[in-house]
Amino acid sequence: MEYRRLGFIALIIIVLIGVVVLIGGGQISPAVIIVSMLATTIAVATPLTLGALCGIYCERAGVVNIGIEGMMLAAAFFGWFGAIYMNTILEMSPLPSLIVGVLIAMLTGGLLGLLHAVLSVTYKVDQIIGGTVINILAIGVSGFLNRQLFFESGSVFGGQIPHAPGVLPRLQVPFLVDIPVFGKVFEQQPIAITAIILVVVTHFVLFRTRWGLRTRAVGEHPRAADTVGINVFRMRYANVIIGGLIAGLGGAYFTLESVPSFEPLMTNGRGFIALAAMIFGNWSPFGAWAAALVFGAAQALQINLQFFRELIPPQWAFLQQSYVVGLVPYILTMLILTGIIGRTTPPAADGIAYEK
Amino acid sequence: MTPVLEVRGISKQFPGVLANDRVDFDLNAGEIHALLGENGAGKTTLMNVLYGLYSPDSGEIIRKGQAAIMRSPKDAIALGIGMVHQHFMLIPVFTVTENIMLGSETLKNGQLDRKAVSARVSELSQQYGLEIDPEAFVRDLPVGVQQRVEIVKALYRNAEVLILDEPTAVLTPQEVEDLIKIMRELTAKGVSIIFITHKLKEVLAIADRVTVMRAGKVVGTVAPAETDEAQLAAMMVGREVILEVEKGPAKPGEEVMQVRDLVVTDQRGLKAVQGVTFSVRSGEVLGVAGVQGNGQTELVEALTGLRQPQSGQILFSGEDMTDKTPRPLMENGLSHIPEDRQRHGLVMPYPIADNLVLCTYYLPPFGVNFVIRNTAVDENARKLVHDFDIRTPSPYVPTSTLSGGNQQKVIVARELSRPVRLLIANQPTRGLDVGSIEYIHSQIVHIRDKGAAVLLVSAELDEIMALSDRIAVMYRGQIVAIVDPDQVTRAQLGLLMAGVSKDEVFKGNGKVVEPAA
């Protein structure tokens, strides 16, 4: 990733944190604000990071996936439903219920990945259409089942919203939490920590292993891979399903780690922002993660600014409107996708079905 | 002696075509066996069967006396068969090492062992005299070097039989010579080579035996010493072929296009054409010779209105047309056969009939009051398909389904069926078979004799020598000499193309025709 891009990312994050420090610094120590901003940034960047990693696995293998949003939404719903079912009906204790919920979320993502692979690899359906199908399917299924299962009388939960088993507990990263002041940044929940580990793992897999070399070959020039005996279809299937599992984990973040509830459409475009992060990060795991942090910081701005609403000086009054600040991630997305910060190159065979 | 590879009675049917019809073929150890045939004769199909990419409908493959079953390239590789495809199977963003190891990776502690592979690549490249840098990215390498990477890729997999599919089609004359040396080196070390081509000269120069295919069948196998170009061409095409272009002397008339001090920049903003001055007269063919990438592409783009020149002047029929777009040029009688027929000459998914009116659809009789008259388009298509001998089941099949030669005929039909003052033809026969080349050459001579001016750009020296009435040699964006084809040898042209100054080349014997300014 070139310096210009990294510089841009660092600049935006500094500006976003700076705004909060400027406004709230009079009341609370800047160090505390910075730590809080960084911790929130890492936490809320989680679904973006995981969504972008899903995109990287799919697109490096040559399958465009715009269905990440739908995969996360469906996973968020089924993971949540699974956790509640375990907790309420099977009377499992909260933590195991949550873990089962996470696994169900990943399975949901993986199955939608399989669906996407069947559509785009086997049946060579236009991959944009395949992704759109998944998005629409996820909105419909999660919305419908949410109503049927929880709000209809005579449903599984008898028309009552059951008590949720809470969210995944915070963990402390060994050694790093002991750093004075900044240690707090490393107190994160498990999915957030897993996301960062997966960034490193994905980088290693893509660039150091046989699997990665073959995956990239299939995404760049599938016929070349075919002529040296690599099964293009199998590689694409496997990578799209792996991507789906990761998107499923991203979905679990919404209902099992962030808040203990489900609402229709709650992913709110995060899957698409994840795609933007993947593109801005030039289809590389670390690049995508850095880009996800920018969007995370924009969201952290919105969250942290709420605490200082009455401190906002009158000439900046427009910042008091939370929707103004809420627009920042979307404006950043548009800015980044126009390519003014430099263009990136997708894998050469991205989005093209392979005909033997 | 048992042949290293034998093919017996291979047949392969595709929808509508019998691509291979009971083909027999054998290859001896250490020999170069050429497989000659026109496009669509079934050479590549046969090789894809040998390499496990297609499974044959019937027949058998025998490797070293044992029947072999090829289900995928993996099986072929395991049997020591390697293939260098016409379109290279290399990944541009990978390094040479990564490309070579792909599919047969060496691992160390579960990680790719790039170092070990890179060392092995260096070793192979030294052993066989194939100079390559294992750390280079393939996208940065010239075509000739990429081909060497492909050969090393096969050798890395211990190939004893090497299939080279049209290896010379993309090479410069110098690179072809290097390749021939490499092929000799390989056979000396025990590798057997199947060499697929449709170029007669190369076959005679390097093959030990030649098998000719036509329409899916083997016509015969001959030794180069017992045959000549004319006989091979006749075997390929199935009739006598006139290899020499028949043309009378030129009757040059007025200057149709004058180019003065033209400077054209390329994509990167570098000066690709650096101030050229020349003119083309009616009734003559001006050939532009030069190794590819010396500014020919940019020159043609500027002359046809596709690229704005930076400075200089283009006069067409006396009018200043320097900054004009293609349409006014076309309406003034410019015809253009572009270098890349699939990208710039045709809309590939369109039916042939639509491609044939691509320049004139808006004019009567085709376009009347914003509506295209399909009856006129249909009539035009049927007439041109007949007149220009375009081989197609119907004028309404997508142009992409035609063979290369027939696609080119569609372009030629469209461009020459309009009133032509000037024809600019850029690599008009690249990749075409003997029959199509013969046809297109005769059309170019025909249009010249009807009084049109022709600017012919070609990397094929034979083509330039055969068709041109004057030859302009381009080197690094400049026209270094304009010569008379009757008074220059191929060797002299080759030197000029390589950048040797014309004083040096002609040593004062005065054979240079100065540009008619």
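Some housekeeping. This is a predicted model, in which local features need pLDDT of at least 70, side-chain atom pairs count only at pLDDT 80 or more, and totals for chains, interfaces and linings use all residues. Residues are numbered from 1 along each chain as its sequence is written, while chains are lettered from A and ligands numbered from 1 in the order in which they are written.

Now chain A. Its mean pLDDT, the predictor's confidence in each residue from 0 to 100, is 91, and 98% of the residues score at least 70. The secondary structure of chain A is 14 helices and two strands; helices (H or I, at least four residues) and strands (E, at least two) are DSSP runs, numbered from the N terminus. The radius of gyration of chain A, over C-alpha atoms, is 21 Å, close to the 21 Å from the globule rule (2.2 Å times the number of residues to the power 0.38) for 356 residues, so chain A is as compact as a globular protein of that length.

Next, the contact between the chains. How many residues of chain A are in contact with chain B? There are 14, and they touch 17 residues of chain B; a contact puts two C-beta atoms, placed from the backbone, within 7 Å. Helices α8 (210-220) and α9 (222-227) of chain A each supply at least two residues of that side of chain A. By class, the side has six nonpolar residues (Ala, Val, Leu, Ile, Met, Phe, Trp, Tyr, Cys and Pro), four charged (Asp, Glu, Lys and Arg) and four polar (the others, Gly among them).

Last, some strands in chain B. Strand β1 (residues 5-14) of chain B runs antiparallel to strand β4 (residues 58-63) of chain B, with five bridges joining them; pairing needs at least two DSSP bridges. B:Glu6 has B:Ile62 in β4(B) as its bridge partner. On to strand β5 (residues 66-68) of chain B, which pairs with β4(B) in the antiparallel sense over three bridges. There, B:Ile61 is bridged to B:Ala68 in β5(B). β4(B) and β5(B) make a hairpin with two residues between them, and B:Lys64 in the turn has a positive phi of about 50°.
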